[in-house]
Amino acid sequence: MIGRASCPPAIYWRSGGRSSSAPSGGPSGLPAGGRCITITILAPDPTPENIRELSTTARRWKAQGIRLTGKGENTGGYRAVFAGDVAFAAADGLRAHACCVLAAQDQLDLVRGLILFFLHSDGSKWEIPFATVDPDNQGGSLNRDPYRGIGTELLGAAVADMSTTACTRLELETLDGAAEEFWRRRGFHNTTEPLHMTCPEMRALAARLAHTETDDPLAGDVLLADAKASRRAFSLRV
Ligand SMILES: CC(C)(COP(=O)(O)OP(=O)(O)OC[C@H]1O[C@@H](n2cnc3c(N)ncnc32)[C@H](O)[C@@H]1OP(=O)(O)O)[C@@H](O)C(=O)NCCC(=O)NCCS
């Protein structure tokens, strides 16, 4: 897909099946067997090609969900179908020239995740109606070797966009308990209202997740998404 790049590309490693809380092995401190993808977050242009790409992605993710459900993997199936719905909504949004869709795209131009957000018409608040990563890499998926960090990356790009466009509160409804935990751990909170964060909180999150440079493991940058401490200390995060 083509569009405005929202932040510099970031490289995500997977651990090669091992859980790794600290870099180990390999010349650059990367786990042996780890593999990487480069993720670019972009705001896709409303071109027919991009709309087609999102529709194809939607069908692929939905079919994956139906397959998983057929095998009795109901939770994974439900989340994959949800991912398909998100991709359909993204295609619709582009078709209607509606704001805002951000896509995580890998180096082969495959869509790896999507986040949708919009400003309410009275300007009072932002809302994230949909967010997902591809079914193979969703939290809690049966994939034992997922890429991690793509959802957080999308959120970082989205809050950066929102807080510079209109400084107002951000709300969302959660899909389920696991998703709620994901949002809470990134600073969303509530009492009786939907999960939300204030504009200063959005700005703080955007700063925390902002990129400084493109990481290059071959140049000695360390494992990113799997190692939170390293991510904070060395990687693309400020
Ligand atoms: C929620 C979602 C977008 C997060 O993106 P992600 O790339 O998986 O998340 P990241 O790798 O950036 O971050 C990993 C975090 O997700 C958490 N997580 C999210 N969903 C999870 C689940 N179902 N089971 C276990 N952990 C989950 C992990 O525990 C981890 O939390 P931590 O870093 O605070 O310890 C993604 O998991 C997803 O698409 N889930 C299904 C659809 C969904 O729930 N969308 C949100 C709608 S409100």
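Visitor: Over which residues is the pLDDT below 50?

Guide: Residues 14-33 are one such stretch, and beyond near neighbours in sequence they have 48 contacts in the model. Residues 222-238 also have a pLDDT below 50, with 54 contacts beyond near neighbours in sequence. Where pLDDT is low, the predicted coordinates should not be read in detail.

Visitor: Now the helices. How do the axes of α1 and α2 cross?

Guide: For a pair of helices, look at the distance between the axes and then at the angle. Helix α1 covers residues 48-70, and α2 covers residues 74-95. Their axes come within 7 Å and cross at roughly 165°. Angles over 145 degrees count as roughly antiparallel, so that is how α1 and α2 run relative to each other. Their crossing is left-handed. In the contact of α1 with α2 there are 15 nonpolar residues, ten polar and two charged.

Visitor: And the ligand: which residues come nearest?

Guide: Among the 19 residues around the ligand, the nearest are G139, G140, G151, T152 and A178. At least two shell residues come from each of α2, β5 (125-133), α3 (150-165) and α4 (177-185). The largest share, four residues, belongs to α4.

Visitor: How do the residues of that shell divide by type?

Guide: Eight residues of the shell around the ligand are nonpolar, eight are polar and three are charged.

Methods
Residues are numbered from 1 along each chain as its sequence is written. This is a predicted model: local features need pLDDT of at least 70, side-chain atom pairs count only at pLDDT 80 or more; totals for chains, interfaces and linings use all residues. A residue is near a molecule or strand if its C-beta atom, placed from the backbone, lies within 6 Å of it. Ala, Val, Leu, Ile, Met, Phe, Trp, Tyr, Cys and Pro count as nonpolar, Asp, Glu, Lys and Arg as charged, and the others, Gly among them, as polar. Axes are lines fitted to C-alpha atoms, for helices over the stretch in contact, and angles run from 0 to 180 degrees between N-to-C directions. Angles under 35 degrees count as roughly parallel, over 145 as roughly antiparallel, 65 to 115 as roughly perpendicular and the rest as oblique. A crossing is left-handed if the near helix is turned anticlockwise from the far one by less than a right angle, and right-handed if clockwise. pLDDT is the predictor's confidence in each residue, from 0 to 100. Two residues are in contact if their C-beta atoms, placed from the backbone, lie within 7 Å.
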